Amino acid sequence: MTWASLIDSGLVRPNVALDRITTYKLGGPAEMFAEIIRMADLDLIAGAIAADPKPVLALGRGSNLVIADEGIAGL
């Protein structure tokens with residue numbers, strides 16, 4: 001699975017504003033964003049990471065999290 005195919009499928013969204021999902025409402029965009037609902041989704045993303053490694057930041061509920069205005073690279 002490639003990043004482009006994951007974006008085309010809608011599983012991964014590019015350039016997502018993270019200020020909307022943090023409690024402090026601060027920060028820039030994520031290069032790519034995925035909300036994992038099923039284990040199969042996680043398997044697809046793991047395959048893309050194995051084929052083309054990207055930095056990954058796992059977020060919980062976004063509380064007490066400050067994201068730089070420049071955002072984050074990767075997923």
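Is Asp-41 buried or exposed? Asp-41 is buried, with a relative accessible area of 7%; buried means under 20%, exposed over 50%, and partly exposed in between, using a 1.4 Å probe and protein chains only.

Before I continue, a word on the source. This is a predicted model, in which local features need pLDDT of at least 70 and side-chain atom pairs count only at pLDDT 80 or more, while totals for chains, interfaces and linings use all residues. Residues are numbered from 1 along each chain as its sequence is written, and side-chain values use heavy atoms, with hydrogens and water left out.

Let us turn to helix H2. Helices are DSSP runs of H or I with at least four residues, numbered from the N terminus. H2 comprises 13 residues, 39–51, and spans 19 Å from first to last C-alpha, close to the expected 18 Å, that is, 1.5 Å times one less than the number of residues. The buried residues of H2 are Asp-41, Ile-45 and Ala-48. They lie on the same side of H2, because they cover an arc of only 55 degrees around the axis, taken from the directions from the helix axis to the C-beta atoms. These buried residues pack against helix H1 (3–9), contact being heavy atoms within 4.5 Å. On the other side of H2, Met-39, Asp-43, Ala-50 and Ala-51 are exposed.

Finally, the salt bridges, defined as a side-chain nitrogen of Lys or Arg within 4 Å of a carboxyl oxygen of Asp or Glu. The whole structure holds 2. Asp-41 pairs with Arg-38, the closest N and O atoms being 2.7 Å apart; Arg-38 is exposed, at 51% relative accessibility.

Conventions. Helices (H or I, at least four residues) and strands (E, at least two) are DSSP runs, numbered from the N terminus.
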